[in-house]
Amino acid sequence: MDDVVIAGVGIHPFGRFDTGYREIGAVAARGALADAGICLGDLDMVLVANVGAEMAKGQNVLELVGRPGVPVFNVEAACASSAGTLTMAAELIEAGVHDAILCLGVEKAPKGFIAGAGFEGWQIESGLGITPLYFALAAQELIETTDATIEDLADVSVKNHRHAVDNPDAMFRSEVTREQVLESRAVCPPLNLLMLCAPNEGAAAAVLVSRKFARERGLDATVRLRSVATVSRSADDWFVPAVSRQSARMTSLTARAATLAYERAGIGPDELDLVECQDTDAGSELWAYRDLGLCKPGEEAALLRSGATTIGGRIPVNPSGGLLSKGEPLGASGLGQVHEIVQQLRGRCGSRQVEGARVGAGHVLGAGHNASVVVMSRD
Amino acid sequence: MNRSGTIHAGGDLLSPGSAVRLNASFCRDCDRWEFPARTYCPTCDQEPTTGPLSPTAEVIGHSAVLHQPPGSLIDAPYPVALASFPEGVAVLGVVEDAEVGEVAIGDQVETVARLVGDSIEYAFRSRRSS
Ligand SMILES: [Zn+2]
């Protein structure tokens with residue numbers, strides 16, 4: 001992908017707020033437009049990612065921003081909803097159909113485990129309709145088949161919480177110790193509460209434009225979107241909410257999205273300077289190390305222990321603090337990653353800055369079997 | 001009555017606790033079983049045949065639900081197993097006769113009928129040698 005510039009980003013902090021989703025979304029939308037230096041009337045289209053709100057949610061948010069008169073579409077793909085907006089916007093711009101599209105993700109998720117993750121009624125009534133169960137089984141598989149330990153799971157959470165101390169948009173900004181994580185309430189063994197992200201509220205937005213549009217309008221064209229690849233379930237994937245999988249054959253949604261994204265960008269995992277990945281739970285981050293090609297299979301814990309994925313290391317992962325610290329406003333999480341990566345590539349992250357960052361990747365993985373990887377670089 | 005269709009021949013005669021077989025579909029061309037049974041094979045889109053899975057399976061993964069999930073009619077805490085059937089499909093289920101922490105990889109479990117609300121659904125029962 002050659003022609004797509006991320007001209008502006010905006011965010012509403014992730015957390016818990018008294019305001020409604022419309023106000024929360026409007027803050028991020030206005031922020032992105034102001035950051036890009038354009039107004040709503042310059043847009044060709046608005047794409048809005050949200051999982052749980054109401055009919056015409058994007059239109060309802062925009063009513064607080066302005067009335068551009070252009071098509072507004074709402075996009076939903078569980079935790080990969082944001083990636084849906086990026087995929088469509090980037091492809092429309094690359095194809096020359098449109099010049100400027102606002103991608104907005106917004107969520108005001110209820111507290112507690114995510115209900116309505118696609119489980120059938122009998123699964124829920126039978127006690128199987130609970131998402132952390134799936135993450136627990138994946139974490140256990142990592143512990144059984146590699147040298148990863150429960151202490152490593154705790155240390156993922158410790159690392160991401162440490163990163164979030166310097167992120168004003170994160171929900172949890174206090175450091176935690178390995179002991180605190182290990183002693184937090186057990187949820188689904190081996191996962192404890194502090195190894196799981198909390199659904200919450202927030203919004204993030206990005207303005208995607210063509211290079212020509214950026215040049216003509218004198219916009220900041222520092223950061224380009226080099227590729228985005230989104231995949232859904234193929235025969236041998238297994239994720240929430242499927243009650244069964246093939247015993248022997250298992251494929252990875254994330255690995256397939258990553259391979260496609262790297263191919264399309266002409267950029268390999270060795271060239272990445274930072275990654276924002278879907279750390280729904282601590283084990284998911286370790287799996288992402290493997291599936292995104294940051295390490296060889298079996299070397300996930302070693303990569304973590306080496307400090308490589310901490311800010312200051314070779315390939316910092318979740319310098320924003322990740323979902324473990326920011327919380328996860330489902331529809332906004334992917335664009336939250338884009339916000340972080342763009343600011344990192346611009347060198348504007350202050351004390352959590354990844355020095356010299358030129359290439360970054362974002363990764364989301366969601367219920368219903370959706371995964372997406374996006375690659376960005378600075379010119 | 002097994003309203004979810006997960007139990008083979010799940011008619012009115014099922015009673016809680018009795019051994020049952022899971023209802024699955026098999027695509028001969030792909031040599032592939034799917035549970036729950038599907039109308040079309042997810043790999044080749046042809047119509048599979050329907051039949052029962054073996055009565056016992058081997059635990060290849062396990063966890064537990066320690067706090068009552070919304071909508072569950074099973075009282076937490078309870079252990080859950082991912083059990084692999086000889087047909088090559090692995091299924092999630094509550095292990096109804098084990099305490100949390102008692103299920104281990106390599107255990108054999110059998111499928112049994114369990115009353116969930118007013119429907120008969122499946123659960124696992126451990127078959128440990130002890
Ligand atoms: Zn087939």
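This is a predicted model: local features need pLDDT of at least 70, side-chain atom pairs count only at pLDDT 80 or more; totals for chains, interfaces and linings use all residues.
Reader: Is A:Glu201 buried or exposed?
Author: A:Glu201 counts as buried, at 5% relative accessibility. Buried means under 20% relative accessible area, exposed means over 50%, and partly exposed lies in between, with a 1.4 Å probe and protein chains only. Residues are numbered from 1 along each chain as its sequence is written, with chains lettered from A and ligands numbered from 1 in the order in which they are written.

Reader: Which residue forms a salt bridge with A:Glu201 at 2.8 Å?
Author: That residue is A:Lys108, with the closest N and O atoms 2.8 Å apart. A salt bridge here is a side-chain nitrogen of Lys or Arg within 4 Å of a carboxyl oxygen of Asp or Glu. The pair links distant parts of the chain, since A:Glu201 is in strand E7 and A:Lys108 in strand E4 (residues 100–108) of chain A, 93 residues apart. Helices (H or I, at least four residues) and strands (E, at least two) are DSSP runs, numbered from the N terminus. A:Lys108 is partly exposed, at 34% relative accessibility.

Reader: And what about A:Arg16 and A:Glu201?
Author: Their side chains also meet in a salt bridge, at 2.9 Å from N to O. A:Arg16 lies in the loop between strand E1 (4–15) and helix H1 (21–36), so its pairing with A:Glu201 ties together parts that are 185 residues apart in sequence. A:Arg16 counts as partly exposed, at 27% relative accessibility.

Reader: How many salt bridges are there over all chains?
Author: The structure holds 27. Among them, A:Glu285 and A:Lys159 meet at 2.8 Å, N to O. A:Glu285 is in helix H10 (residues 282–291) and A:Lys159 in helix H6 (residues 150–164), so this pair joins parts 126 residues apart in sequence. Both A:Glu285 and A:Lys159 are buried. Another group, A:Asp2, A:Arg211, A:Arg224 and A:Asp379, is joined into one network by salt bridges that share partners.

Reader: Where is the cis peptide bond with omega about 0 degrees?
Author: That bond joins B:Ala76 and B:Pro77. B:Pro77 is in the loop between strand E4 (56–65) and strand E5 (78–84) of chain B. In chain A, the bond from A:Val240 to A:Pro241 is cis, with omega near 5 degrees.

Reader: What is phi of A:Asn318?
Author: Phi of A:Asn318 is near 55 degrees, a positive value in a residue other than glycine. A:Asn318 is buried, with a relative accessible area of 0%.

Notes
Side-chain values use heavy atoms; hydrogens and water are left out.
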